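The following exercises are to be worked through with the sequence and the three-dimensional model at hand. Each task is followed by a solution in steps.

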Amino acid sequence: MFYRENGQFKTSYRADQQIFPIAQDRWAILAIIAFAAIGVPLLADEYLFRAIFIPFLILSLAAIGVNILVGYCGQISLGSGAFMAVGAYMAYNTYVRIEGMPLIVALLSGGFFATVVGMFFGIPSLRVKGLYLAVATLAAQFFCDWMFLRVGWFTGNNASGSVSVSNLNVLGWAIDTPVEKYLFCLGFVVVFGLLAKNLVRSAIGREWMAIRDMDVAAAVIGIRPMYAKLSAFAVSSFIIGVAGGLWGFVHLSSWEPAAFSIDRSFQLLFMVIIGGMGSIMGSFFGAAFIVVLPIFLNQFLPALGGLVGVEISTAAVSHTEFMIFGALIVWFLIVEPHGLAKLWSIGKQKLRLWPFPH
Amino acid sequence: MGFFLETLFGGLMAGMLYSLVALGFVLIFKASGVFNFAQGAMVLFAALAMARFSEWIPQWLGLESLLLANILAFIIAALCMFALAWLVERLVLRHLVNQEGVTLLMATLGITYFLDGFGQTIFGSDIYQINVGMPKDPIFILEGMFEGGILINKEDVIAAVIAAGLVAALSLFFQKTSTGRALRAVADDHQAAQSIGIPLNRIWVIVWCVAGITALVAGIIWGSKLGVQFSLTTVALRALPVIILGGLTSVPGAIIGGLIIGVGEKLSEVYLGPMVGGGIEIWFAYVLALVFLLFRPQGLFGEKIIDRV
């Protein structure tokens, strides 16, 4: 009744082609962004920013990147952690080695180098696909793990590969409190989220989807597989690289290669699958689920143990966390294989008819 | 020359162990199209069960004999793996029929997390020993040909023999028994197999059981070499390049791929490693497999991939 396009007449091509054609969607997105920018900093405390909001924003950005590659172009990648690492370490190197390098430019250059690496490791996708490709992209993961640990140039010859940055500022605005960090990340996420949303409905986005749905047929109707696949790798690893830079600079501020291990790649892929493949909105849902679940379990399990009078040791908590996390993932895949985004779109469909049955 | 041969033999032995793990992957992928990431967790789980039961059984029953305790522990651990296979089919695979490959892959990752937690909850998370009476002393061969001969571990030789035996038994099972024929039919075409009356669900349980036994054998051999600990799960990641090199659907491919990767890893580490700072064996295997894939996308022995619109 309230959420439908009836009566919203488009009188220009511009109006017809905007990102969110339904007025209610536009208002909802604006309201969400406004709430995230103004409401959240007023309401949340420091712990929430550190533990949930900042990781959530950065990982959703990375999940958008992974979703472009896996969800839109259908190229399964297990090397996302490596591209994040490239983004973080190269952003660090440009930031530290070049005098007076602005923070944002450093982060974007991290994204640029991640693009180069991503395209290089994307070359096998021209020959192999599906699960073979998934294993092939692990090469990127292990190679980068090794490189940032062993090649001294990247880390300023630190034996454990750990680096740190401090005194972040953008045009004189010092980013040191959690709220400022949060707003900084939010800026990136909003810009890249809208860019990605726009990109996937453009010509190139449709090429990616054609390749995903059936690559041979796509090639037959004149889509160049090489161009489409490599551009998906490029765009995806650029976004992942920027997210990696943010993860290192803003969230961790000192990090080592283990922060971008293969577990990170799995985590990002989980976000995309649980959130919904081929949906920008789904990336946010997936990231929220994966970020909040372990924290929730961590808080909830000891409390539950206390309730029934059993003292649960830290080791047992972490093991039980593993078990519940694994079981939930399997359960989730069974009940909703198309992810949270599917639930979201079912909800929207229902809302169109509400309160009438038909 | 002697040193080169020694490295080569070391690589072959290590490769044999990789193929043991790779075999588990290939079996499940062949029969159900599931890329089973949980194989590493299964190896750890099986090894933990074996280690703990061989420790507990003598206490419970007051047994003295190491051999008897080990046999009993092996049987119980195998039963655990069977139960696991049944549960996985019942609770997970059955509900995910006809899903995309990547969804199934993620489901096995979920199983991995669950098994890691579950195994350590019930069996404990310390480092345990498996003592199946494997001789640890090194032997020297070809002493006549080279000065000092070539040093190899007896343990490695026995492991390689067991691996070879297992592979032979599996090949026989696949080629000669009616169950094996049914497994091959399912691997070929799920629908066609089902239409001629092969029960898919039972086949899946069987193949997960076989993969569980392979995991148990791999777990015992790796466990007695390295000790049973959490890092055993990474063995699975070492075995992945083996299967893409050998082909996801080929049992001989897993063996040959394992040998190539084992030798490649050891030789690269010894001869190439010092030049670039060492520790390259983990990614070298992947890069080797990757380069290989560029020229032969289906792996060495994989079925030819035919694209149709």
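The pLDDT is the predictor's confidence in each residue, on a scale from 0 to 100. The model shown here is predicted, and the exercises begin with that confidence.

**Exercise 1. Determine where in chain B the confidence is lowest and where it is highest.**

Solution. Step 1: take the chain average. Chain B has a mean pLDDT of 82, and 93% of its residues score at least 70. Step 2: go to the individual elements. In chain B, strand β1 (residues 138–141) has the lowest confidence, with a mean of 68, whereas helix α3 (residues 66–91) has the highest, at 89. Where pLDDT is low, the predicted coordinates should not be read in detail. Step 4: turn to the complex, to which the predictor gives an ipTM of 0.83 and a pTM of 0.88.

**Exercise 2. Describe the elements and the overall dimensions of chain B.**

Solution. Step 1: count the elements. Chain B contains 11 helices and two strands. Starting at the N terminus, the elements follow the pattern α-α-α-α-β-β-α-α-α-α-α-α-α. Step 3: compare the radius of gyration with that of a globule. For 309 residues, a compact globule would have a radius near 19 Å; chain B has 20 Å, which agrees. Step 4: note the box filled by the C-alpha atoms of chain B, roughly 65 × 60 × 40 Å along the principal axes. Step 5: consider burial and contacts. Of the 309 residues of chain B, 49% count as buried. Among the contacts in chain B between residues at least 6 apart in sequence, 74% join residues at least 24 apart.

**Exercise 3. Carry out the corresponding description for chain A.**

Solution. Step 1: chain A has 15 helices and four strands. Step 2: a compact globule of 358 residues would have a radius of gyration near 21 Å, and chain A has 21 Å, which agrees. Step 3: the C-alpha atoms of chain A fill a box of roughly 65 × 60 × 45 Å along the principal axes. Step 4: of the 358 residues of chain A, 46% count as buried.

**Exercise 4. Does the length of helix α8 (residues 200–226) of chain B agree or disagree with its number of residues?**

Solution. Step 1: at 1.5 Å a residue, the 27 residues of α8(B) should span 39 Å. Step 2: the end C-alpha atoms of α8(B) are 37 Å apart, which agrees. Step 3: examine the surroundings. Because 20 of the 27 residues of α8(B) are buried, this helix is largely enclosed by the rest of the structure.

**Exercise 5. Classify A:Ser253 and A:Ala31 as buried, partly exposed or exposed.**

Solution. Step 1: recall the cut-offs. A residue is buried with 20 or more other C-beta atoms within 10 Å, exposed with 12 or fewer, and partly exposed in between. Step 2: A:Ser253 has 14 C-beta neighbours inside 10 Å and therefore counts as partly exposed. A:Ser253 lies in the loop between α11 (225–252) and β4 (254–255) of chain A, and its phi is positive, near 65°, in a residue other than glycine. Step 3: A:Ala31, in helix α2 (residues 23–43) of chain A, has 11 other C-beta atoms within 10 Å and is therefore exposed.

**Exercise 6. Which helices of chain A supply at least two residues each to the side that touches chain B, and what kinds of residue form that side?**

Solution. In the model, 38 residues of chain A are in contact with 39 residues of chain B. Step 2: identify the helices. In chain A, α6 (131–150), α10 (215–220), α12 (262–275) and α14 (314–335) each supply at least two residues of this side. Step 3: find the main contributor. α14(A) gives the most, with 13 residues. Step 4: sort by residue kind. The side of chain A that touches chain B comprises 32 nonpolar, four polar and two charged residues.

Terms used:
Residues numbered from 1 in each chain as written. Chains lettered and ligands numbered in written order. Predicted model: local features only at pLDDT ≥ 70, side-chain atom pairs only at ≥ 80, totals over all residues. Contact = placed C-beta atoms within 7 Å. Nonpolar A, V, L, I, M, F, W, Y, C, P; charged D, E, K, R; others polar. Rg over C-alpha atoms; globule rule 2.2 N^0.38 Å. Expected span 1.5 Å × (residues − 1).
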